[in-house]
Each structure stands twice: as C-alpha cells, then as structure tokens.
Amino acid sequence: MSTNTVHSAENNDAPDVGVIKRVLLVDDSRVQRRILSLSLKRDGYDVIEAASGQEALDICREELPDLILSDWMMPGMSGLEFCRAFRELSTDTYGYFILLTSKSEKTEVAQGFDAGADDFLTKPVNGYELRARISAAERILRMERELTDKNKVISETLDELQRLYDSLDNDLLAAKKLQQSLVPERFKDFDRGAVSLLLQSSGHVGGDLVGHYKISDTRIGLYAIDVSGHGISSALITARLAGYLSATSPEHNVAMQVLPDGSTTHLPPAEVVARLNEIILDEMETEHYFTMLLADVDLVTGHVILAQAGHPHPVIQRADGSIEQEGPGGLPVGLIPGAEFSQFCIDLNKGDRLFLLSDGVTECPDTGNGLLGEEGLEALMVDLAGHALEDTLQAMVWKLDEFSGGKGFPDDVSGILLEYRGD
C-alpha cells in the first residue's frame, strides 16, 4: 500500500468536536494510519486504529465509533466488504462511513454507496477536504442523533399514552359492567304479562337506559330513556336516573308516592316526567337532556297510560300481526324549565305486544346512506312476530346488524318488549 500523505491545513480550520468524538481509522498501511491519526488527534478526536477490515469489525462489535475512515483496497476483507458487514451490525446509533480510495469511476462509486458508504475521499487525502467531509458528517450525525432523541421521546410518550389508554379501557370495561348491572333482570314474568329488556351500547358505555318496577300486584311501570350524547358523561346521567326510578326502593322512586298508611301509589306518568325535568335542570347541573317513554301498565285490564317526551313512538304489535305506531311526541326532558308533558292511553288485548325502542333502532343505517325508519321498523316487526318473547329483541339486533351490512351501530340500541297475556 502506498504511503500517501495528508496535505496540510491550518488547525484554525479544524471542525468543532461535537457529535463526532470517536474515529476508527482502518488501513493496512501503518504509515498511512500514522499520518491520518496525527491529523485527527490534533483536531481533538479520539482515534482508534485497525490494520484490517476484520480487526475493525471486531472493534465495532465492542463499541460503535461515531466516524469510520476506511481504505478501500486492503488484503483479506476489503473496505467495501467491511462496510457491508458494518451496516449489518445491530446498533442503536448511526455510524458515519467514509471510504478512502483512488477510485473515481462512477460505477465503483455507486458500488460504495450501495454497500452503505456515506461519503468518499480521494487519496492522497487533502487536509481541507478531510475536515470539510467530517464537518458534513457532523451535521448529518447531529440531525440523526436529534431525530433519535425525539423519536425516543415520542416512543416514551406513546408508551405512556398506551398505559393510560389501557387503564382507561379497563375503567370503561368496569363502567360497562356497572351500567349493565342497572338492568339486572332482562326477562321478568308477571303472570298476566312478561317483559324483556335490551340494552346495547355503541361503545363501552352509553346513554340509554331501560327498566321496570312494581307498582302493585297488578300494575307495573316501564321506562325507556335515551340521554343525549355518548360515553361516560351520558352513562353517569343514566346511573342517576336509574336511582330516581328504582325498582328496589319505592320510597326513592320519583314515580311513586308514599301514602300516610305506608302504602304507595303511582303518580300520573306526565307528572313524573315533569318532576324529572325539574330535577335535571335544578339538581344535576348538566348540559345533557334525555328523551323518555314512561308507561303505567295495568296487567288486569291491559290499559296502559304513557307519557312521551321526545322518545320514538311506542310500537304495538297486535295479536293478528298488525302494527301501530302512535304518540304525541313531546319535548325532551331537561331543555325547558316548567315544560308541560302530556300523556295518552292505549289498550292491549291478549297476545298483543308493546315495544318501547330507542332511536338507535329506527336510525340504524343501511349499507348506503339510508336509515331503517318507521316503515322499515314495521317490516322488521313482521319478521319478528314468530319469535319467542325472550328471543325477540336479540333477534331484532341480529336483523339490524344484517341491515347495516355488519358495520355496527353508531348509536345505542335499547328497548322494552311487553307481551300482554291477560287472564
């Protein structure tokens, strides 16, 4: 190997030692290594020498240098082969690789880049050019290290966000179980009638609530509620409302009035809705409102008194299969102080079914841009007529899923099904 020299350059032109501190000098010529090493050490670099590509590779396995200056033509492992092997090492940081060569043909330079070289220096090495190439390497490595540091911060932030997400997800799963526990009895037989309940949130938790409570041995109360919005805040409102319409504590149920003799009676449904309107506006301090259907059902006569507050119309499926949808509509609860709510009556005959469904049913989207709507609901009810009471609402969910093309439901889906049996 020839003993080419480094053309001199003044030290005041030396680059500042920053990112590049440790330089590996690879050349089978001891003289050439000596000349380059003295120049680099004068510029403040920590220089390590290797006489062959294999020796250099062993050094890199122990500790990665910041910069490598390697001769191309060496016996045994060439500089090109060493560069390829170096790039195959698993490292946390990037090492800048400069090939020292007398080759200038474009094809050979392309070979060097393809092997993983970052730059080239033509021998004999010019001191000014060496410092300029190292300065360029310094800028590139500084950007690489800054990017690595930023990526590390991003990775750590993403890990922390994942931990927070997992924690939140676990909390939401617990909240889902809690919300589902608000509807403990999905099927209840009252002898002269039976009730089936459905509560399916579009997310972990939702703003729908359905339930029933006992008024007397021959009367039951039914309620279907849809709180505005989705998620945790809506679910918290449903939890509060479940307490106001408790099936286990009549004295805490706003629909019930305790008489002087200790017995209880049910307030008119419209009056109950008005009381809930006052509560949500005066006590809850929330921007949420909700729609509602509240029914007082006489299981002996089949007479039902209902109050409708913005909720979809109740659906009656007669024993002969005909479908009726009727109701005054009304204002949602929690919008206007002192709002008045009306009530209406329906009469059920033996074998009739009463559905109180949320708008998640009629607003279920199809595979295009359409919605199920009231007409689609009637057609769906015809298909459900032959199902047993306990299976009907779940069968409805399956049919809605088929209608939407399996895309899921953008809104909560809930409902109550009362089958009147009479005497």
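**View 1. Strands E14 and E15 pair in the antiparallel sense, with three bridges between them.** Welcome to a predicted model, in which local features need pLDDT of at least 70, side-chain atom pairs count only at pLDDT 80 or more, and totals for chains, interfaces and linings use all residues. Residues are numbered from 1 along each chain as its sequence is written, and side-chain values use heavy atoms, with hydrogens and water left out. Strands (E, at least two residues) and helices (H or I, at least four) are DSSP runs numbered from the N terminus, and two strands pair if DSSP finds at least two bridges between them. Across this pair, Gln317 stands opposite Ile323 in E15. The loop between strand E14 (315-317) and strand E15 (323-325) holds Ser322. With 31% relative accessibility, Ser322 counts as partly exposed; buried means under 20% relative accessible area, exposed over 50%, and partly exposed in between (1.4 Å probe, protein chains only). Leaving aside residues up to four places away in sequence, Ser322 touches Ile316 and Gln317, where contact means heavy atoms within 4.5 Å. The C-alpha atoms of Ser322 and Gly211 are separated by 26 Å, and the two residues are 111 residues apart along the chain.

**View 2. An open sheet of six strands has the order E6-E7-E18-E17-E14-E15, with antiparallel pairing.** E6 and E15 stand at the edges with a single partner strand each, so one side of each is left without a neighbour in the sheet. On average, neighbouring strands of this sheet are turned by 15 degrees against each other, direction ignored. Helix H9 packs on the sheet and touches E14, E15 and E17, and its direction makes about 145 degrees with that of E15. For such angles, axes are lines fitted to C-alpha atoms, for helices over the stretch in contact, and the values run from 0 to 180 degrees between N-to-C directions. Helix H10 lies across E6, E7, E17 and E18, at about 30 degrees to E7.

**View 3. Here is helix H10 (residues 389-403), with its buried residues.** At 1.5 Å a residue, its 15 residues should span 21 Å, and the end C-alpha atoms are 22 Å apart, which agrees; the expected span is 1.5 Å times one less than the number of residues. Buried residues in H10 are Leu389, Thr392, Leu393, Ala395, Met396, Val397 and Leu400. Their cover includes strand E6 (187-189), strand E7 (193-200), strand E17 (353-357), helix H8 (359-362), helix H9 (373-384) and strand E18 (413-420). After H10 comes Gly405, which has a positive phi, near 70 degrees.

**View 4. Another open sheet has five strands in the order E8-E9-E12-E13-E16, with antiparallel pairing.** Strand E8 (208-216) and strand E16 (343-347) are at the edges and have a single partner strand each, so one side of each lacks a neighbour in the sheet. From one strand to the next, the twist averages 20 degrees. Strand E12 (residues 290-298) and strand E13 (residues 303-309) pair in the antiparallel sense over five bridges, and Leu294 has Ala307 in E13 as its bridge partner. Helix H6 (residues 232-244) packs on the sheet, where it touches E8, strand E9 (219-227) and E12, and its direction makes about 165 degrees with that of E9. Helix H7 (residues 269-282) also packs on the sheet, touching E12, E13 and E16, with a direction at about 150 degrees to that of E12.

**View 5. Strand E3 (residues 67-71) is mostly covered, with five of its five residues buried.** Leu67, Leu69 and Asp71 point one way from E3, Ile68 and Ser70 point the other way, and all are buried. Strand E1 (residues 22-26) and E3 run parallel and are joined by four bridges; the bridge partner of Val23 in E3 is Leu67. E3 and E4 also run parallel, joined by five bridges, and Leu69 stands opposite Ile98 in E4. From E3 the chain crosses through H3 to E4, and this β-α-β crossover is right-handed: with the strands pointing away from the viewer, the path from the first strand over the helix to the second runs clockwise.

**View 6. Phe82, Phe86 and Phe97 form one aromatic cluster.** The whole structure has five aromatic pairs. The ring centres of Phe82 and Phe97 are 5.4 Å apart and the planes are at 55 degrees, so this pair is tilted. Rings of Phe, Tyr and Trp (its six-membered ring) pair if their centres lie within 6.5 Å; planes under 30 degrees apart count as stacked, over 60 as edge-to-face and the rest as tilted. Phe82 lies in helix H3 (residues 79-87) and Phe97 in strand E4 (residues 96-101), so the pair ties together parts 15 residues apart in sequence. Phe86 and Phe97 form a tilted pair too, 5.9 Å centre to centre with 45 degrees between the planes. Phe82 is buried, Phe86 is buried at a relative accessible area of 3%, and Phe97 counts as buried at 0%.
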